[in-house]
4 protein chains.
Amino acid sequence: MQIGMIGLGRMGGNIVRRLMKDGHHAVVYDRDPQAIEALTREGAIGAGGLEDLVRKLDPPRAVWVMLPAGQITEATIDQLGKLLAAGDVVIDGGNTFWQDDIRRAKTLKETGIDYVDVGTSGGIWGYARGYCMMIGGDKVVVDRLDPIFATLAPGIGDIPRTPGRETRDPRVEQGYIHAGPVGAGHFVKMVHNGIEYGLMQAYAEGFDILKNASSEALPEAHRFDLDIADIAEVWRRGSVIPSWLLDLTSTALARNDQLDNYSGFVEDSGEGRWTINAAIEEAVPAEVLTAALYARFRSRRDHTFAEKILSAMRAGFGGHKEPQQHPEPEQQAAPQQKLKPKSERA
Amino acid sequence: MQIGMIGLGRMGGNIVRRLMKDGHHAVVYDRDPQAIEALTREGAIGAGGLEDLVRKLDPPRAVWVMLPAGQITEATIDQLGKLLAAGDVVIDGGNTFWQDDIRRAKTLKETGIDYVDVGTSGGIWGYARGYCMMIGGDKVVVDRLDPIFATLAPGIGDIPRTPGRETRDPRVEQGYIHAGPVGAGHFVKMVHNGIEYGLMQAYAEGFDILKNASSEALPEAHRFDLDIADIAEVWRRGSVIPSWLLDLTSTALARNDQLDNYSGFVEDSGEGRWTINAAIEEAVPAEVLTAALYARFRSRRDHTFAEKILSAMRAGFGGHKEPQQHPEPEQQAAPQQKLKPKSERA
Amino acid sequence: MQIGMIGLGRMGGNIVRRLMKDGHHAVVYDRDPQAIEALTREGAIGAGGLEDLVRKLDPPRAVWVMLPAGQITEATIDQLGKLLAAGDVVIDGGNTFWQDDIRRAKTLKETGIDYVDVGTSGGIWGYARGYCMMIGGDKVVVDRLDPIFATLAPGIGDIPRTPGRETRDPRVEQGYIHAGPVGAGHFVKMVHNGIEYGLMQAYAEGFDILKNASSEALPEAHRFDLDIADIAEVWRRGSVIPSWLLDLTSTALARNDQLDNYSGFVEDSGEGRWTINAAIEEAVPAEVLTAALYARFRSRRDHTFAEKILSAMRAGFGGHKEPQQHPEPEQQAAPQQKLKPKSERA
Amino acid sequence: MQIGMIGLGRMGGNIVRRLMKDGHHAVVYDRDPQAIEALTREGAIGAGGLEDLVRKLDPPRAVWVMLPAGQITEATIDQLGKLLAAGDVVIDGGNTFWQDDIRRAKTLKETGIDYVDVGTSGGIWGYARGYCMMIGGDKVVVDRLDPIFATLAPGIGDIPRTPGRETRDPRVEQGYIHAGPVGAGHFVKMVHNGIEYGLMQAYAEGFDILKNASSEALPEAHRFDLDIADIAEVWRRGSVIPSWLLDLTSTALARNDQLDNYSGFVEDSGEGRWTINAAIEEAVPAEVLTAALYARFRSRRDHTFAEKILSAMRAGFGGHKEPQQHPEPEQQAAPQQKLKPKSERA
């Protein structure tokens with residue numbers, strides 16, 4: 001079928017490519033003319049702007065918006081609301097906050113325009129591997145778009161089938177789900193990312209413990225000099241913890257097992273935060289997902305004000321003077337060895 | 001080659017089976033005569049006790065101990081120390097604390113007996129899937145046992161190879177690793193289990209948030225009634241979070257998506273705890289792994305004393321009286337609705 | 001000066017009493033006629049409703065709303081907005097969400113009505129001990145209300161003065177602060193409560209560790225049978241951790257050191273949650289405050305769905321069967337003793 | 001009565017001074033001759049070494065060891081074991097690990113020497129304020145030393161008495177407790193320090209949230225520019241969270257509310273770590289105390305290896321490139337504004 005795509009970054013561009021490869025047609029737009037040009041060379045129809053894009057699509061139109069969540073998406077959908085007609089549908093495939101979906105869908109509904117939110121996972125691997133899609137919207141609209149989703153989804157592939165699913169919705173095994181009404185798609189994608197943070201942090205802490213097992217501050221009998229890259233690899237087969245994230249870790253460590261090509265500064269996007277907000281609203285204790293988020297926050301500070309408060313208190317009750325510099329990691333462990341003279345302690 | 005196996009539970013028995021299937025020979029012992037009998041029917045030589053087992057093995061002997069960590073393993077290895085001779089090797093394949101390995105190896109060394117610790121992962125799936133093994137011990141001893149490990153390991157299978165490993169130890173890709181000197185095997189297995197707890201808890205919290213999204217205590221516009229079983233399945237393909245643990249979760253949810261066949265009481269074994277002890281000794285912040293362990297501790301209490309202390313304080317400063325019973329989960333969220341009259345609050 | 005008070009619960013009623021004791025005048029209203037009657041007997045002027053209350057106050061009026069945050073406060077302030085006149089002021093002394101303050105103030109401003117938010121701490125002790133007040137609003141309005149705040153505040157009392165504050169705002173030492181524009185009062189009170197949760201949980205966990213030191217599951221040489229009530233008391237003098245919360249704990253434990261008069265079910269109000277939401281918006285890692293909130297969430301569940309997911313996974317990879325009942329706490333510790341036979345483990 | 005004191009640092013020296021002020025006699029030793037000289041000028045008898053100290057004391061001797069926990073204390077008590085006689089007592093007033101107490105006491109018992117462990121709190125304030133002491137040992141020995149403890153303890157002072165303690169051990173209200181057999185004193189002191197970490201972190205996080213409320217990355221309507229020093233002070237009276245730690249914080253902030261005289265590098269001593277190990281052995285979930293410990297671990301690293309693992313994974317699945325430098329804190333919040341183009345996200 002035909003789709004309009006707004007936003008031709010690495011995600012949007014590859015979605016178009018995967019669609020065209022399977023026989024779909026695309027009218028595409030991006031702020032960057034080169035991005036449009038590249039795709040027109042591959043068979044897409046370029047548009048000079050939103051108005052042009054809408055004009056070039058046959059009604060009932062389907063316009064996929066694949067832009068960074070927030071301001072740009074908001075403005076684009078606003079404008080589309082003015083250009084599209086009843087029966088058309090806007091698909092937000094970005095990482096939008098699910099409450100924004102609900103609000104926007106309500107506004108668009110007033111003029112008969114449908115809205116579908118698609119939490120799209122797959123990153124830079126999606127073109128080849130397919131996109132896992134979590135979809136929110138009215139059944140009839142989602143069904144109408146099924147050819148698009150079926151093409152983008154990874155399909156069953158060589159992943160073993162789960163027993164007992166014979167009578168269940170077959171789309172799910174293909175890698176896409178109609179999760180519920182508008183907002184449900186991004187809600188499920190949000191939790192997916194929340195889990196992702198937790199999984200990543202679990203591996204990361206484990207490797208940190210392995211790495212620091214060689215610390216010279218440990219008693220000699222407690223030290224191991226472990227090959228982290230090999231350990232990541234060995235766990236990929238037969239252990240309890242194989243996963244795609246472990247595969248990626250093993251690949252990165254095989255390349256550079258010190259990872260000194262990374263600063264350790266870790267960003268977070270909105271989904272991790274919204275997941276915790278949702279947990280709090282539901283009164284669900286989400287210790288691990290929250291700790292994973294906070295580890296990222298902390299990674300981006302040199303020192304927190306909280307830490308200075310601690311030092312100020314310690315000076316207050318114990319006369320403790322903290323060192324001014326980071327010691328080498330090797331000097332971190334084994335508190336016995338670094339205790340101050342009793343006289344300075346509380 | 002030939003091996004003696006002590007402990008024929010589901011792990012030990014299947015290890016013997018996998019070895020025999022590949023042409024190895026086994027002399028086996030268990031406290032339970034039926035376990036011995038079952039394996040002799042399949043080709044193993046049964047032993048009437050440790051002494052008999054040692055007698056039936058050709059020197060230099062290799063005796064694999066596959067018993068619960070702690071007292072029984074300790075006593076068994078103690079006794080083996082008296083029965084074996086220089087050049088023999090004891091293999092501890094259980095979940096032993098790595099510092100116990102080091103101590104035992106030192107004692108056995110005095111009479112020339114070698115010791116190898118093997119962290120063995122694979123659970124009830126190991127017979128078919130192979131066992132991921134993390135091995136600690138002297139190179140020459142570990143090398144001598146290689147045929148055993150090669151048989152037990154999963155092999156490369158259909159799991160894609162990690163690029164850049166061409167010049168590295170090829171055993172690792174087969175699913176076993178010589179991690180370092182005695183103790184290193186169980187140390188790495190310990191961290192594997194620590195990570196396992198963290199991964200499990202990350203998924204668990206995510207599904208809890210999805211589940212409680214339908215809570216009636218939420219504002220109606222914030223509620224979703226999601227199909228948890230389908231969501232677990234959809235994430236298996238194309239998302240960022242596929243893993244073997246997710247596969248298992250999807251299978252369990254396809255069978256019973258309320259999971260009301262489970263009490264929610266969750267045990268922990270020693271490795272999770274030792275991992276945290278190791279993190280603390282190394283001064284590594286391991287928030288997620290620790291939170292995962294604590295969630296299990298908490299799952300086994302009706303209420304903690306800590307919670308009663310909180311209630312006592314709240315009564316003290318605010319005159320708060322806590323309800324005496326668990327409300328339905330649906331009544332948990334949305335604090336606005338359940339605030340007490342101002343008069344009872346601080 | 002004269003004040004109108006809406007909401008005569010334990011907080012509102014005692015605020016009126018403390019004001020009248022110091023010579024202020026009050027017109028009071030509550031849904032409960034008995035609450036009004038009680039205060040009129042003590043010198044207040046009763047009102048039959050909001051309209052009557054407004055009529056009985058001399059302009060420019062000051063109306064203090066002391067109701068549960070949420071719906072009731074919202075409706076009351078809405079109605080006051082229609083009854084009051086330019087130059088009057090609404091004081092919200094409840095536990096309102098600070099963003100609601102900002103929104104309401106903006107609406108009231110349209111008709112010239114001022115708005116002041118007062119985070120009011122002190123609970124059932126406030127009448128005698130005074131109320132710590134965190135105030136948000138325009139300077140001129142807050143200044144006009146100063147006589148009210150000065151009366152309600154605790155005053156310097158016998159708490160030692162902090163050196164170096166000679167040139168700073170003297171109201172602060174009296175126990176009230178003009179924290180900033182509208183919303184700032186409740187924002188600061190919100191963080192106060194967030195900290196409160198963290199402090200409470202820190203003590204609670206410590207006492208839990210002391211309590212469980214007598215667990216029969218511990219090796220005998222690791223057990224202590226400690227007098228928790230005496231320990232709480234001894235820490236009140238000369239230690240690093242004396243606090244009002246510890247005083248209250250010691251009092252509760254002196255009365256009943258098993259605290260079996262408490263269920264362990266612990267409520268939370270909105271402030272704890274909003275504090276975490278604020279931390280997340282600011283990208284501040286707030287591990288301790290969050291863990292304290294989650295401990296309350298968890299205290300209110302029999303079991304979480306997350307825990308059932310864990311059990312389902314454990315059954316999946318290891319064939320583990322969890323016990324169906326809570327063991328006695330004494331059977332919790334010492335994992336060595338409770339390991340399952342190897343055959344059932346992964 | 002008479003006491004020998006080994007270790008004349010700020011704690012040991014002031015303990016001697018407080019004892020002498022109340023009429024007790026002291027024989028003192030330190031590696032630093034100047035420390036001995038200073039105290040002899042104030043009335044103590046100096047000793048040239050352990051042997052000399054033992055000789056100058058009248059049997060049955062009481063020798064207080066006030067040295068850093070670990071090696072030095074171990075060696076000193078070892079040597080005392082050889083010099084002292086049956087009926088003498090060694091008092092370890094340092095921050096010793098309670099299991100070391102039990103081991104040492106057992107050894108000393110063989111030659112009839114008693115052992116008492118005293119967890120001593122009070123820091124640099126102890127001379128004036130008194131020391132809160134948590135004591136482990138045999139009743140008859142602890143009773144014999146009572147005059148020492150009674151002098152060192154803070155006494156009831158002006159801290160209000162807890163109702164309902166009339167029939168309980170009166171020493172507790174004086175600020176010292178005979179907590180149980182050998183080891184119990186340091187066990188209780190250990191938990192005291194564990195709680196201390198938790199309390200400190202709770203305040204620290206709260207102030208961090210207040211501080212970052214002015215971040216320019218927040219939407220302007222969500223920003224507050226708060227006076228942290230004034231807020232710390234106002235909470236000291238009438239709120240729920242007054243404490244000695246808050247007093248110290250207010251003092252530090254009055255002096256420098258940026259705390260830029262502190263690096264934010266925060267040390268930990270053994271007690272915090274041992275508290276968590278104890279919690280884990282008891283299967284007590286101690287989320288807050290653990291998070292407080294980990295915050296200190298983290299404060300001492302520039303970046304963790306865990307964080308690099310996260311970055312490596314993010315590059316692997318999403319092509320994310322993390323910035324190499326710490327942005328200003330103001331650029332931390334508000335994820336909406338800093339999202340990368342969709343093309344680089346997963």
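A salt bridge is here a side-chain nitrogen of Lys or Arg within 4 Å of a carboxyl oxygen of Asp or Glu. The model under discussion is predicted, and by this rule the count over all chains comes to 96 salt bridges. One of them is formed by the side chains of Glu307(A) and Arg298(A), with a nitrogen-to-oxygen distance of 2.9 Å. Buried means under 20% relative accessible area. Glu307(A), at 4% relative accessibility, therefore counts as buried, and Arg298(A) counts as buried because its value is 6%.

Asp138(A) forms a salt bridge with Lys109(A), and the closest N and O atoms are 2.9 Å apart. This pair links distant parts of the chain, 29 residues apart: Asp138(A) belongs to the loop between β7 and α7 (139–144), and Lys109(A) to helix α5 (residues 98–109). Asp138(A) counts as partly exposed, at 34% relative accessibility, and Lys109(A) likewise counts as partly exposed, at 46%.

Charged pairs also cross between chains. Asp230(C) forms a salt bridge with Arg165(D), the closest N and O atoms being 2.9 Å apart. Here Asp230(C) lies in helix α11 (residues 228–234) of chain C, while Arg165(D) lies in the loop between α8 (146–152) and α9 (170–174) of chain D. Both Asp230(C) and Arg165(D) are buried. Elsewhere, salt bridges that share partners join Glu74(A), Asp92(A), Asp100(A), Arg103(A) and Arg104(A) into one network.

The contact between chains C and D can now be considered as a whole. It brings 96 residues of chain C into contact with 96 residues of chain D. The area buried between chain C and chain D is about 7800 Å², and carbon and sulfur atoms give 67% of that area. Between chain C and chain D there are 6 salt bridges; among them is the pair of Asp230(D) and Arg168(C), whose N to O distance is 3.2 Å. The count of residue pairs in polar contact between chain C and chain D is 40, with both residues at pLDDT 80 or more. On the side of chain C that touches chain D, helix α10 (residues 184–211) of chain C supplies the largest share, 17 residues. The residues on that side of chain C divide into 55 nonpolar, 22 polar and 19 charged.

Returning to chain A, strand β7 (residues 132–136) is joined to β8(A) by 4 bridges, and the two run parallel. Gly136(A) stands opposite Gly180(A) in β8(A). Strand β8 (residues 176–180) of chain A is mostly covered, with 4 of its 5 residues buried.

Most residues other than glycine have a negative phi, and most peptide bonds are trans. Leu259(A) is not a glycine, yet has a positive phi of about 55°. Leu259(A) is found in the loop between α12 (244–255) and α13 (270–282) of chain A and is buried, with a relative accessible area of 1%. In chain D, Leu259(D) also has a positive phi of about 55°, and at 0% relative accessibility Leu259(D) counts as buried.

The peptide bond from Pro59(A) to Pro60(A) is cis, with omega near -10°; Pro60(A) lies in the loop between α3 (50–56) and β4 (62–65) of chain A. In chain C, a cis peptide bond joins Pro59(C) and Pro60(C), with omega about -10°.

Notes
Residues numbered from 1 in each chain as written. Chains lettered and ligands numbered in written order. Predicted model: local features only at pLDDT ≥ 70, side-chain atom pairs only at ≥ 80, totals over all residues. Heavy atoms only, no water. Contact = heavy atoms within 4.5 Å. Buried area = accessible area lost by both parts, 1.4 Å probe. Polar contact = N/O pair within 3.5 Å; in protein donor to acceptor, adjacent residues only side chain to side chain. Nonpolar A, V, L, I, M, F, W, Y, C, P; charged D, E, K, R; others polar. Buried < 20%, exposed > 50% of the residue type's maximum accessible area, 1.4 Å probe, protein only. Pairing = 2+ DSSP bridges.
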